[in-house]
Amino acid sequence: MTRMQWIQKLLFYMKGRYGYDEFSKLLIISGLVLGIVANFAGGIWVSALGTALIAYGVLRILSKDKTNRYRELQKYLALKQKVQLTHRRWRNRWVQRKAFKITKCPNCKQKVRVPRGKKKIRVTCPSCKETFIKKT
């Protein structure tokens, strides 16, 4: 059998299947990493979990139930976006920690960023317009 015939057979088999997406990629790579970790650290449970992740990733790729696989992908992408947003907030706060101090408005609990090293300053909350004195 030539290479072109193999490709045609594969394309025919994959017709109507869900296919490869970002969530399947994560599952397969996570399974491979767990398999490698299980080889070095030992543990049948870690190895079994890695194998299960790989199997589920391949099952998603070969599935014909496109609506459920798409729904799973959307849930994964929403969770990924939430994690990335939280990480970005923490990273920005860490970068700005020397120049700014984050304080809360005593009235509405809104977070307000004030410059460090200015002694006592009058802060106006952007949300409720409450004015309060804060030591920086």
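Which residues of helix α4 are buried?

A: First, a word about what we are looking at. This is a predicted model, in which local features need pLDDT of at least 70 and side-chain atom pairs count only at pLDDT 80 or more, while totals for chains, interfaces and linings use all residues. Residues are numbered from 1 along each chain as its sequence is written, and side-chain values use heavy atoms, with hydrogens and water left out.

The buried residues of α4 are R69, L73 and Y76. Here buried means under 20% relative accessible area, exposed means over 50%, and partly exposed is in between, with a 1.4 Å probe and protein chains only. Helices (H or I, at least four residues) and strands (E, at least two) are DSSP runs, numbered from the N terminus.

Contact means heavy atoms within 4.5 Å.

Next, check the helix from end to end. Helix α4 takes in the 30 residues 66–95, and at 1.5 Å a residue they should span 44 Å. The expected span is 1.5 Å times one less than the number of residues. The end C-alpha atoms of α4 are 42 Å apart, so the model agrees with the expectation.

Now follow L73 to one of its partners. Leaving aside neighbours within four places in sequence, D21 is in contact with R60 and L73. D21 sits in the loop between α1 (3–14) and α2, and D21 counts as buried because its relative accessible area is 10%. The side chain of D21 also makes polar contacts: one with the side chain of Y18 at 3.0 Å, and one with the side chain of R60 at 2.9 Å. A polar contact is a pair of N or O atoms within 3.5 Å; within protein, one must be able to donate a hydrogen and the other to accept it, and residues adjacent in sequence count only if both atoms are side-chain atoms.

Let's stay with the helices a moment. L62 belongs to α3 and is partly exposed, with a relative accessible area of 30%. Not counting residues up to four places away in sequence, L62 touches Y13, M14 and R17. L62 and G19 are 43 residues apart in sequence, yet their C-alpha atoms are 6.3 Å apart in space. As for α1, its twelve residues reach 17 Å from first C-alpha to last, close to the 16 Å expected at 1.5 Å a residue. The number of buried residues in α1 is zero, so this helix lies largely in the open. After α1 comes G16, with a positive phi near 85°.

Strands count as paired if DSSP finds at least two bridges between them. In this pair, K104 stands opposite K111 in β2. The covered face of β2 has V112 and V114, and the uncovered one has K111, R113 and P115. Six residues lie between the strands of this hairpin, and there K109 takes a positive phi near 65°. K109 counts as exposed, because its relative accessibility is 54%.

Moving along, K119 lies in the loop between β2 and β3, and K119 has a positive phi of about 65° although it is not a glycine. Strands β3 (120–124) and β4 (131–135) pair in the antiparallel sense over five bridges, with V123 opposite F132 in β4.

Finally, step back. Buried residues make up 20% of the 136 residues in the chain. The C-alpha trace spans about 80 × 40 × 25 Å along its principal axes. The chain has a radius of gyration of 26 Å, whereas a compact globule of 136 residues would have one near 14 Å. That radius is taken over C-alpha atoms, and the globule rule is 2.2 Å times the number of residues to the power 0.38.
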